[in-house]
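Please look through the sequence and the model shown here; my notes follow as numbered points.

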Amino acid sequence: DSDAAKVGEWTVAIGSPLGLSYTVTTGILSAKGRGGLGMNAIEDYLQTDASINPGNSGGPLCDLNGQVLGINTMVVGHGAQGLGFAVPSNLARRVAEQIQKKGKVERGWLGIGIQDLTPELANALKLPDARAGVLINSIVDNGPAAKANIKPGDVIAAVGGKKVTDGRELVREVTVAHEVGQSVALEIIRDGKHYGSSATLMAKPEAAVPPLPVQQQGVPSSGLGLSVRDITAAQATQLGVGTKAATVVTSVSPGSSADRAGLKPGDIIVEADGTQDPSANQLADAAKDGALLLRVRRHDQAFYAAMKK
């Protein structure tokens, strides 16, 4: 039971590292739920300082009673700096059971786009700090979140009663801790107030997103390093950025507030300071006070960006 394992307890890694058959190394369980390694879209590893090397993969990570806590899978770093990671046994068991029953693995899906809060975004949204939750920047039509009346700009503070402070924790709680078809309780922050909601998870669809290069000239907006222009519905269709008139980012000045906020040419401005689908003139008016909170669409994804001159 990997969930019952405690950080600091002794672990034993068994495998055939570097071609040496039946080798045992020992260490402690350094961390649970480790992610942010950039190796997989969903990361929920056990971390150990037991020596793990190529050839350990697939072998068990056990406690001192010989009970399997995880499956050794990866090492980060080399030599004395190497840190070993194992897939938790409970996750491995769930995956195996799904393959046996359905022939494939299904991940729970809320139908939302998310991003981590920054101090600037937290301040713009009037939240106490950047660890208040995870910002929702888009909602998939007819998805679980849409049916639960969740909206862009909402912040998910907890899933199933467990607080989440970044996107990785939210993804882990939704996809690893819950099953497809299961109803999940959510704590939502909207306009500074906390609400309770629930959503029934669907299976996560898989879709490839094509690149969208757009390089055009435009008119700068109020010293934020952002140039935009209006495009017609026909132009949007031709550029592959939608089927209706929109305001598109044409250039971003290096090192500017817009650049630091992550904006790129080709981004579509979906919302500016609460105004939906603003024109270039409306965007310029909103930027006159030297600050902007934008919701931006890039390909099939959306995100919020806070800028200040």
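1. Apart from neighbours within four places in sequence, Leu292 is in contact (heavy atoms within 4.5 Å) with Leu224, Asp273, Leu283, Ala286, Ala287, Ala305, Ala306 and Met307. The model is predicted, so that local features need pLDDT of at least 70 and side-chain atom pairs count only at pLDDT 80 or more, while totals for chains, interfaces and linings use all residues. Residues are numbered from 1 along each chain as its sequence is written, and side-chain values use heavy atoms, with hydrogens and water left out.

2. Leu292 is also listed, with Leu226, Leu263, Leu283, Leu294 and Met307, among the residues with the most contacts inside the largest nonpolar core, which has 19 residues. Such a core is a set of buried Ala, Val, Leu, Ile, Met, Phe, Trp, Tyr and Cys residues joined through side-chain atoms within 4.5 Å, where buried means under 20% relative accessible area (1.4 Å probe, protein chains only). Elements giving two or more residues to this core include α7 (280-286), β20 (291-298) and β21 (301-308); helices (H or I, at least four residues) and strands (E, at least two) are DSSP runs, numbered from the N terminus.

3. A second, separate core has 16 residues, including Ile150, Val164, Leu186 and Ala199.

4. Asn142, in the loop between β9 (134-139) and α3 (144-147), has a phi near 65°, a positive value in a residue other than glycine. Asn149, in the loop between α3 and β10 (155-159), likewise has a positive phi, of about 65°.

5. For the chain as a whole, there are seven helices and 21 strands, and 42% of the 309 residues count as buried.

Terms used. Buried < 20%, exposed > 50% of the residue type's maximum accessible area, 1.4 Å probe, protein only.
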